[in-house]
Amino acid sequence: MLLAFLLFLLMPICGILFCTVLAMNDRSGDKRLLTVLFLFLSLYMGAINATKVPYSDQVQYMNAYLLVPHQSFLESLTNIYGNKFSTTYKEMGFGLLNFVGYYLSLGNYQLFVVEYSVLLYMLMMVSVRKFIDYMGVRPQLPFVVSAVFSLCFYSQYFNLTIHLQRQMIATAVMLWALVDSTVKQKPNWIVAIIAVTLHTSTGLFLPFLFLMQVKKRLQSWHIFALLALFCIGMGSLALLSSQLASALGFSFYALDRLAGAGSSEEGRFNVNLVIMFSAPLIFIALRELWKQRSSIKDNINLVFIAYVFLFLFAFLNPDNTMQYRFFMMSYSFLPFILPLLFKKTTAVGRGYLFAVAAFFTMRFYLTFDDMPWQYAPVEDVLLRNYIWFLLY
């Protein structure tokens with residue numbers, strides 16, 4: 001561990017690879033090496049994020065962070081867009097995260113970016129480990145390592161982590177809630193509500209927690225029927241949302257957006273790209289749901305159900321902005337599902353897990369300079385020591 005730590009400081013990627021080898025060859029069952037690997041990966045991704053030139057959405061979040069010492073606690077909770085004249089009470093959880101983060105990072109924005117990234121990635125990686133353990137694959141280590149490498153080095157996921165802070169951290173917290181609820185077969189309402197206070201879009205998953213309340217009455221066909229009915233209902237989404245908003249008699253952000261579905265100016269995303277990304281995940285999720293259909297009353301797997309629903313919601317949504325925002329949310333599900341294509345660690349299974357990790361890692365560096373945002377040059381990201389990142 002000491003050697004891995006020194007290597008990490010001198011050249012992070014070397015420390016990560018060395019720690020990976022140590023963890024993969026550990027037969028003691030001690031999870032400390034795996035935890036250190038998670039920490040190294042999250043610190044590394046945070047350091048790269050700290051070199052990003054703020055742009056668009058991130059500028060708003062940065063301004064909100066910098067305003068913390070110049071406003072009251074309530075203003076910090078409600079001013080999540082970095083503008084004192086644009087306050088909101090719907091996502092004060094993110095305002096609290098910003099407030100606490102400011103003082104934990106001593107007012108240093110680059111340090112805050114690192115701390116935020118560590119929180120985000122550690123939430124995701126610990127959730128992945130818990131979920132893979134729940135799925136019963138043995139040995140776990142190849143699946144977990146493949147999953148966390150595909151998470152950290154998936155370019156499309158990474159370049160959103162600090163750019164869309166609210167949505168990404170909220171999705172990570174909601175996935176924690178979904179995994180915890182699946183493992184314990186008991187809805188974790190507290191964590192799920194925290195996710196909604198970070199970004200209201202994660203409220204999309206709240207109805208699934210009710211499945212835990214009524215699971216003794218469920219049959220497997222109920223879930224598949226609900227998914228089919230949802231597909232049909234998407235065609236009248238705008239009308240239904242408008243009627244519901246009228247019935248409630250007050251304005252509600254999510255319903256207002258749905259009621260105005262189809263009015264966004266953004267173009268619809270590339271359908272071929274959606275299918276290419278989602279087809280293997282949809283296949284694995286539906287296969288696992290079908291395998292578990294006989295035990296649905298005792299074992300509801302919310303992660304697979306939530307992903308299938310999320311894909312359908314994004315793919316069929318008539319509102320362009322919501323369509324691509326929810327599709328980007330689906331990136332977070334990749335490490336939970338993709339490694340499970342082969343659940344037995346045969347030669348083919350091990351080869352597949354290694355290929356997944358290698359593909360995402362190599363692709364990350366080969367396409368790094370083509371990302372939509374500006375970071376440090378790829379050669380610096382690969383070769384510099386860790387302190388250099390913090391002083392960039």
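This is a predicted model: local features need pLDDT of at least 70, side-chain atom pairs count only at pLDDT 80 or more; totals for chains, interfaces and linings use all residues.
How many cavities of 30 Å³ or more does the rule count? I got 1 cavity, where a cavity is a set of points on a 1 Å grid over the protein atoms alone where a 1.4 Å probe fits but cannot get out.

Residues are numbered from 1 along each chain as its sequence is written, and side-chain values use heavy atoms, leaving out hydrogens and water.

Next I looked at the cavity itself. The largest cavity holds about 40 Å³, a volume being the space filled by probe spheres set on the points, joined across faces, edges and corners. Its lining (residues with an atom within 4 Å of a point) is Ser220, Ile223, Phe224, Leu289, Arg293 and Ile296. By class I noted 4 nonpolar, 1 polar and 1 charged. Helix 13 (residues 220-233) gives the most to this lining, with 3 residues.

Then the overall fold. I found 22 helices and 0 strands in the chain (DSSP runs, H or I of at least four residues for helices, E of at least two for strands). Of the 392 residues, 54% are buried, meaning under 20% relative accessible area with a 1.4 Å probe, protein chains only.

Last, helix 20 (residues 347-366). I checked its length: at 1.5 Å a residue its 20 residues should span 28 Å, and the end C-alpha atoms are 28 Å apart, which agrees; the expected span uses one less than the number of residues. Its buried residues include Gly349, Tyr352 and Phe360.

How values were computed. Buried means under 20% relative accessible area, exposed over 50%, partly exposed in between (1.4 Å probe, protein chains only). On a 1 Å grid over the protein atoms alone, a cavity is a set of points where a 1.4 Å probe fits but cannot get out, and a pocket is an open set with protein on both sides within 12 Å along at least five of seven lines; lining residues have an atom within 4 Å of a point. Ala, Val, Leu, Ile, Met, Phe, Trp, Tyr, Cys and Pro count as nonpolar, Asp, Glu, Lys and Arg as charged, and the others, Gly among them, as polar.
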